[in-house]
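Load up the model and try each one before you read on.

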Amino acid sequence: MANADKIYKFILSGILCAFFLCACSKKYTPPNTKNLTYDRFIDISYIENIHAVEFLQYLESDSSSKEIYKNIQLKTAQNTQGESKISYLYDFNNRFVPTPLSINFAHQYCKWRSEVVTFKKNFGHKKLPSTLKELIEVNKSVKTVIKYAIPTKLALHIANETNVSLKRYNKQVTKFKVLTQETTDSTQLYLLRCTAVMMVNGKVFTY
């Protein structure tokens, strides 16, 4: 009986060990992205109206982010005639349409998205802090950080060459140029496809 109990415990410990190793080796992929290189991810879609609205609504409800909201919210979307129109952005029928963004909006969006995804990666389904200031403060204590950024021309080139799939869109919508880190004309609006890296203890994590 004692031997049977030992065998049972040995088998159980083996199963738990295998489960633990499997869970640890499971690769983490930031939301809405695919692997681009051994240490980098890229979005499988452009930033759509639904994403931009989520960002704007978060800032709008955050009194500490009023200045950021004021500087970006009127220069966000365009309709098909090229006319700036915030109502176009909030139109339910346009929620999955790529939204052309200003460079300033894109930079602020990447910062906010980095904080949100980092929080969710570390705290799961815990309620998101209601202010950006609080969100940044909470994330200072975590070891794993997800950083989103405007892509380089090289990153987009690699994505195209390696066939990293991109959601298909209406050609009329995608007539806008895609924003890259090399872009300098801040008077135009651009489509955004973010890249991301995962950092652990301050170092870029590689697979």
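α2 is a 12-residue helix whose first and last C-alpha atoms sit 16 Å apart, close to the 16 Å expected at 1.5 Å a residue. The expected span is 1.5 Å times one less than the number of residues. Helices here are DSSP runs of H or I with at least four residues, strands are runs of E with at least two, and both are numbered from the N terminus. Some housekeeping: this is a predicted model, where local features need pLDDT of at least 70, side-chain atom pairs count only at pLDDT 80 or more, and totals for chains, interfaces and linings use all residues. Residues are numbered from 1 along each chain as its sequence is written, and side-chain values use heavy atoms, with hydrogens and water left out.

**Exercise 1.** Find the buried residues of α2.

*Solution.* Start with the cut-offs: buried is under 20% relative accessible area, exposed is over 50%, and partly exposed is in between (1.4 Å probe, protein chains only). Applied to α2, that gives N49, A52, V53, F55, L56, Y58 and L59. For the whole chain of 207 residues, 39% count as buried.

## Two helices

**Exercise 2.** Work out how α2 and α5 are placed relative to each other.

*Solution.* Two packed helices are described by the angle and the distance between their axes.

1. The axes of α2 and α5 come within 11 Å and cross at roughly 75°.
2. Classify the angle: under 35 degrees is roughly parallel, over 145 roughly antiparallel, 65 to 115 roughly perpendicular, and the rest oblique. So α2 and α5 are roughly perpendicular.
3. List the contact (heavy atoms within 4.5 Å). From α2 come H51, A52, E54, F55, L56 and Y58, and from α5 come F105, Q108, Y109 and W112.

## The core

**Exercise 3.** Which residues of the largest nonpolar core touch the most other members?

*Solution.* A nonpolar core is a set of buried Ala, Val, Leu, Ile, Met, Phe, Trp, Tyr and Cys residues joined through side-chain atoms within 4.5 Å. The largest one has 32 residues, and F105, Y109 and L192 touch the most other members. The elements giving two or more residues are α2 (49-60), α3 (66-72), α5 (103-123), α6 (132-139), β3 (144-149) and β4 (195-200). α5 supplies the largest share, nine residues. A second, separate core has six residues, including L36, I42, A155 and V164.

## Single residues

**Exercise 4.** Is T195 buried or exposed?

*Solution.* T195 is in strand β4. T195 counts as buried because its relative accessibility is 5%. Leaving out residues up to four places away in sequence, its contacts include R40, I42, Y148 and A155.

**Exercise 5.** Is K143 buried or exposed?

*Solution.* K143 lies in the loop between α6 and β3. K143 is exposed, with a relative accessible area of 59%. With residues up to four places away in sequence not counted, K143 touches N122, M199, V200 and N201.

**Exercise 6.** What is the phi of N201?

*Solution.* Phi of N201 is near 55°, a positive value in a residue other than glycine. N201 sits in the loop between β4 and β5 (203-204), and at 55% relative accessibility N201 counts as exposed.

Technical notes: Axes fitted to C-alpha atoms, helices over the stretch in contact; angles between N-to-C directions.
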